[in-house]
Amino acid sequence: MLNPADAAFLDRLAASCPPGLLRPAEPRDLEEPRGRFQGRAAAVAMPRDVAEVAALIRACAAARVGVVPLGGGTGLVGGQVKPDGPVPLVLSLARMRRVRAVLPDEEAVVVEAGATLAELQAAAEAAGLVFPLSLAAQGSCTIGGNLATNAGGTQVLRYGNARDLCLGIEAVLADGSVLHGLKTLRKDNTGYDLRQLLIGSEGTLGIITAASLRLFPRPAHVATAWLALPDPEAALALFGRMRAALGTDLSAFELIQRTGLDFLGRFMPDCRAPLDRGPWFVLAEVAAGRHADPRGGLESVLAEALEAGLITDGVLAESLAQAAAIWRVREAIPEAGRLRGAIASHDVSLPRSRIAQFLRAAGRRIAGIRQGLVINCFGHLGDGNLHYNLFPPDGDSPAAHRDIRDALSEAVHDLVHEMDGSISAEHGIGRLRRADLRRYGDPAKLAAMRAIKAALDPAGILNPGAVL
Ligand SMILES: Cc1cc2nc3c(=O)[nH]c(=O)nc-3n(C[C@H](O)[C@H](O)[C@H](O)COP(=O)(O)OP(=O)(O)OC[C@H]3O[C@@H](n4cnc5c(N)ncnc54)[C@H](O)[C@@H]3O)c2cc1C
């Protein structure tokens, strides 16, 4: 049984740690973007280096006090907030945000966990390289949080998710020992890969304090297209044609339902799509090195697609500013949805070939529960990842439909499960999807996960109540 981080524990901690390590919790430490969970914390610890993190964890382990790691607080499944049970200590990485080294010859960077994704992107850019992880929360989310959740985003198609971009990790384990794993090697087959175990563990197996990450050459040419399509089947057929013609130069392929543009028109009217006639849209991006300009290739695939009726209209960005404006439309859709107020949100992945079938069947199942709900689907179609969010009819509040929230999510997730998909593609399990993991998870995998947790964190102090 864990103990609360009570006043006596905090006094002992303050006496044994350097001054200024602890501060009272502020509202923003205890909130999460969707407002589903309200966190609690006796205090927030703000360590400056890995030695201070280790000292904190040793103290918490000795007193059997739970620790919740906090990055940018943008996680969408409540992993960063503990609403119940013994009151924990929140461990913020905000003071550990140094870029320790940019290593162009290794195409690598070593960065502390509290750096924001945008800060890391800027450091890579300054060295003439790119760190390709890209998500709408990049101004706030941290590298530690990105790795702890194995974040995805808009460039997974070409570069993979956070897991694929990580070469090494420095972390503090539950007994306070420090895992020194910041090598920049591409090849290192020396036993179990603890780096991969920590990635996606959502703070339940260790505190990530720093990471070595892959950098890539900056594409010399980028072409961005905004396309209108009749239906998801056309989007899938277009994706197949683009992959065949452009190969790995195709770096992003995002699907957007018209509903998202309607939400933008209402709540963020400054954010306008270059064309908005049609039920479905695709944002496609092609990027290539100095010796190949992908624009010509993109134009010829799009001309064929227009002829075949796969697209009905399209715009190719003429400038970097126009490309950025198109990306802003895509990235603002989650925020517009938040302002509209969802009843239930889902982050699912499916075998790409089954996406159109999923969308039809899901629509029928939702209508069978309640007529008139508004569906807003968007996502990383190239990765088979859809955000499938359900809203009340115009004029109704989400609260008026709360009675069916669980039934809606169960209908969506049952269908995903039947179709060999995943009920959490990129956001993780946190606290929101724990019951879903139990319901849909493979029993052998769940048993192995529990055994790993018991072996690495026997007292259960690391992010108690998250994931398992
Ligand atoms: C507008 C918006 C758009 C988003 N778009 C995407 C998207 O496209 N793709 C995507 O994958 N996600 C997306 N997200 C979700 C979110 O940004 C990611 O999950 C992100 O990786 C979380 O990082 P963070 O620093 O905010 O972590 P937090 O929210 O602070 O924490 C998330 C989890 O990681 C743990 N954690 C944090 N730091 C550490 C650490 N140093 N060591 C160990 N555990 C730690 C926390 O305890 C918690 O369990 C989006 C969120 C928003 C609000």
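Reader: Leaving aside its neighbours within four places in sequence, which residues is Ala235 in contact with?

Author: Ala235 is in contact with Leu229, Leu255, Trp280, Val282 and Leu381. Contact means C-beta atoms, placed from the backbone, within 7 Å. The model is predicted: local features need pLDDT of at least 70, side-chain atom pairs count only at pLDDT 80 or more, and totals for chains, interfaces and linings use all residues. Numbering runs from 1 along each chain as its sequence is written.

Reader: What makes the set with Ala235 and Leu238 a nonpolar core?

Author: A nonpolar core is a set of buried Ala, Val, Leu, Ile, Met, Phe, Trp, Tyr and Cys residues joined through C-beta atoms within 7 Å. Buried means 20 or more other C-beta atoms within 10 Å of the residue's own; 12 or fewer is exposed, in between partly exposed. The largest such core has 66 residues, and Ala235 and Leu238 are among those with the most contacts inside it. Strand β14 (residues 280-288) gives the most, eight residues. Another core, of 65 residues, lies apart and includes Val87 and Ile169.

Reader: Why is the crossing of α8 and α10 called right-handed?

Author: A crossing is right-handed if the near helix is turned clockwise from the far one by less than a right angle, left-handed if anticlockwise. α8 passes α10 in the right-handed way. Their contact includes Leu238 and Met242 of α8 and Leu298 and Val301 of α10.

Reader: How do you know that domain 1 and domain 2 touch?

Author: Eight residues of domain 1 are in contact with 13 of domain 2. Helix α5 (residues 156-159) supplies three on the domain 1 side, the largest share.

Methods:
Helices (H or I, at least four residues) and strands (E, at least two) are DSSP runs, numbered from the N terminus. Two residues are in contact if their C-beta atoms, placed from the backbone, lie within 7 Å.
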